[in-house]
Amino acid sequence: MVESGGELSRSVSMDKIVELCKRRGFIFQSSEIYGGIGSSYDYGPLGVELKRNIKEAWWRDMISRRDDIVGLDSAIIMSPAVWEASGHLKHFTDPLVDCKSCKQRFRADEIEGDKCPECGGELTEVRQFNTMFKTFVGPVEDEASVAYLRPETAQGIFVNFANVLQATRKKLPFGIGQIGKRFRNEITPGNFTFRTREFEQMEMEYFVIPGTDEEWFEYWVNERLNWYIRYGVKPENLRLRPHPKEKLSHYSKATTDIEYNYPFGWGELEGIANRTDYDLTVHSEASGRQLTYFDEETQTHIVPYVIEPAAGADRAALVFLLDAYEEEVFEKGGKKDKRTVLRFHKAIAPIKVAVLPLLRNRPDIVEKAKSIADELRMVMTTMYDDTGSIGRLYRRQDEIGTLWCVTVDVQTVEEDNQVTIRDRDTMEQIRVPIEDVKAILMERLQY
Ligand SMILES: [Zn+2]
C-alpha cells in the first residue's frame with residue numbers, strides 16, 4: 001500500500017477497458033440503439049457473471065462465513081418519513097450553479113473561478129439541489145404520494161434493527177448486511193461505471209457497544225482493504241484516505257476511503273464510516289419506537305454505535321477489470337508473440353473453463369468436446385467455442401480471463417482418450433485422462 005499517488009506505468013486505459021467491455025460483452029451503454037442515456041450501463045453475458053461473482057464473494061465473506069453478521073433485503077421504496085428522519089431530505093444535496101447565458105448546470109465545488117467553464121458567462125448564486133430521485137406512489141401525483149428511490153441501502157437496515165434483533169437474538173457486536181440498488185441523481189456522473197446514477201451497493205452495518213467503536217472502525221478498515229487484495233487487486237494500487245474532520249458527513253465521527261489508482265487518478269472504491277448512534281437515535285425519536293439493545297451485563301438499554309463498510313458492486317467490477325488487465329509479450333517457437341489477458345482471481349473470473357475442439361470439421365472431436373463441456377457446466381461456468389483456430393481461441397479466452405482451456409484433439413479420439421488442460425497465467429499444458437478433468441479443475445478452483 002502506498003501513501004501518496006504516483007503515476008504507474010500501466011498498459012490499461014479507460015478507452016481500452018470500455019472497448020473490451022463492449023466487444024466481449026461485459027458492459028454495454030444502456031439504451032444504446034436510442035443514443036443511450038447518461039450514465040446508465042447494462043451488464044452483458046460476461047459482465048453479469050463478473051458482478052455476480054463479486055457479490056457472492058462479498059456475501060460469503062461478510063455474511064455466510066460469519067456467525068456475527070446476518071443478511072437482509074429491504075425495499076427500494078420506503079416511507080418518506082425515513083428520509084425526513086435520517087436527514088437525507090435536508091442534507092443529501094449538491095451545491096449547484098447555473099450559467100445565465102448557456103443555461104448549463106455545474107457543481108459549485110467542481111469549477112474554478114466565478115465564470116461558466118463552457119462559455120465564460122455569468123453564474124447564478126449557489127443553490128442546494130437534493131440528489132434523491134423523487135417519484136409518486138399510487139395513482140395520484142400530489143405531495144401526499146411523494147416517495148423516493150433509496151439513496152443508500154443503510155436506512156433499510158436501521159429501520160429493521162428491532163425486527164432483526166428480536167428475530168435473531170444476536171448479542172453485540174453484530175452486523176446486518178445487504179446488497180441492493182440505490183439511486184442518486186448525480187449532476188456530474190462519469191468515467192464509465194465509476195460514477196453512475198443507479199448502482200448496486202454492498203453495505204453492512206456493524207452494531208457495537210459505544211466506546212468500542214474506534215477499535216471496530218480500525219478493524220473494518222483493515223478487513224475491507226485486505227478483501228480487495230485477497231481477490232487479486234494489487235496492493236500498490238490501493239491506499240487509505242481518512243476524511244478530514246471538517247469534511248465529514250452530518251452523521252459521521254470518522255470516515256476512511258479505500259482508494260484505487262484508476263487510469264484517471266486516485267478515487268474512491270469503498271468508504272468505511274463510524275456513524276455513531278446517529279441513525280438509531282433519530283429513527284427512535286421520529287418513530288416513537290425504542291431502537292435500543294438491552295445489555296444483560298449492565299442491565300441497561302443502550303443505543304449501539306454503528307460501523308459501516310459501504311462498497312459498490314459496479315465500482316468493484318470496474319476495479320477488478322482494470323487491475324486484471326495486462327498486455328503480455330512472450331516467446332513462442334522462437335518468435336515474439338503478444339496477448340491481452342485478464343488475470344482475474346479464480347473466484348472472480350466470469351468463465352472458469354473453455355472447452356475447445358482442435359478441429360471443428362471433425363464430428364468425433366466436436367462431439368467429444370461438447371460432452372466434456374456439458375459435464376463441466378454442471379459444476380462451473382463453462383464455455384464451448386469452435387469459432388476459430390486453436391491459437392485464436394486461446395487468445396479470445398485469455399482476453400476474458402478464462403482460467404483454463406480444455407482441448408480435444410485427434411489423439412484424444414483416435415488414441416488415448418486424454419485431453420490437454422492449459423493454464424491461463426502460465427500457458428502451460430498438461431495432458432490428462434478425460435475422466436479426471438472434472439476432479440482436477442474442481443480441486444484447482446479451491447482457494
Ligand atoms: Zn455558459
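Which residues does L321 touch, not counting residues up to four places away in sequence? L321 touches I17 and F26. Touching here means contact, that is, C-beta atoms, placed from the backbone, within 7 Å.

A word on the model before going on. This is a predicted model, where local features need pLDDT of at least 70, side-chain atom pairs count only at pLDDT 80 or more, and totals for chains, interfaces and linings use all residues. Residues are numbered from 1 along each chain as its sequence is written.

Now the overall picture. The chain has 447 residues, and 35% of them count as buried. Buried means 20 or more other C-beta atoms within 10 Å of the residue's own; exposed means 12 or fewer; partly exposed is in between; the C-beta atoms are placed from the backbone. Taken along the principal axes, the C-alpha atoms fill a box of roughly 80 × 65 × 50 Å. There are 13 helices and 23 strands. Both are DSSP runs, numbered from the N terminus: helices are H or I, at least four residues, and strands are E, at least two. Look at contacts with a separation of 6 or more: 63% of them join residues 24 or more positions apart.

Next, domains. Domain 1 covers 14-79 + 151-321, and domain 2 covers 351-445. Those bounds come from an automatic or database domain assignment. The C-alpha centres of the two domains lie 38 Å apart.

Back to L321 and the core. The largest nonpolar core has 80 residues. By nonpolar core I mean a set of buried Ala, Val, Leu, Ile, Met, Phe, Trp, Tyr and Cys residues joined through C-beta atoms within 7 Å. L321 is among those with the most contacts inside this core, along with F320, V355, I372 and V406. Which helix gives the most to this core? That is α9, residues 313-324, with 9 residues. The core draws at least three residues from each of domain 1 and domain 2. Another core, of 15 residues, lies apart from it and includes V82, M132, F158 and L280.

On to a helix pair. The axes of α10 (residues 363-377) and α13 (residues 434-445) come within 11 Å and cross at roughly 30°. Axes are lines fitted to C-alpha atoms, for helices over the stretch in contact, with angles from 0 to 180 degrees between N-to-C directions. So α10 is roughly parallel to α13; the cut-offs are under 35 degrees for roughly parallel, over 145 for roughly antiparallel, 65 to 115 for roughly perpendicular, and oblique for the rest. The crossing is right-handed, meaning the near helix is turned clockwise from the far one by less than a right angle. I372, E375 and L376 in α10 meet I434, V437, K438 and L441 in α13.

Now some backbone details. The peptide bond from L172 to P173 is cis, with omega near -5°. P173 sits in the loop between α6 (161-168) and β9 (174-183). N191 is not a glycine, yet its phi is positive, about 55°. N191 is in the loop between β9 and β10 (198-208). It is partly exposed, with 16 C-beta neighbours inside 10 Å. T276 also has a positive phi, near 55°. T276 belongs to strand β13, residues 265-276.

Last, T153. Is T153 buried or exposed? Buried, with 24 C-beta neighbours inside 10 Å. T153 is in the loop between β8 (146-149) and α5 (154-158). Beyond four places in sequence, T153 touches Q178, G180, R182, Q201 and E203.

Conventions: Contact = placed C-beta atoms within 7 Å.
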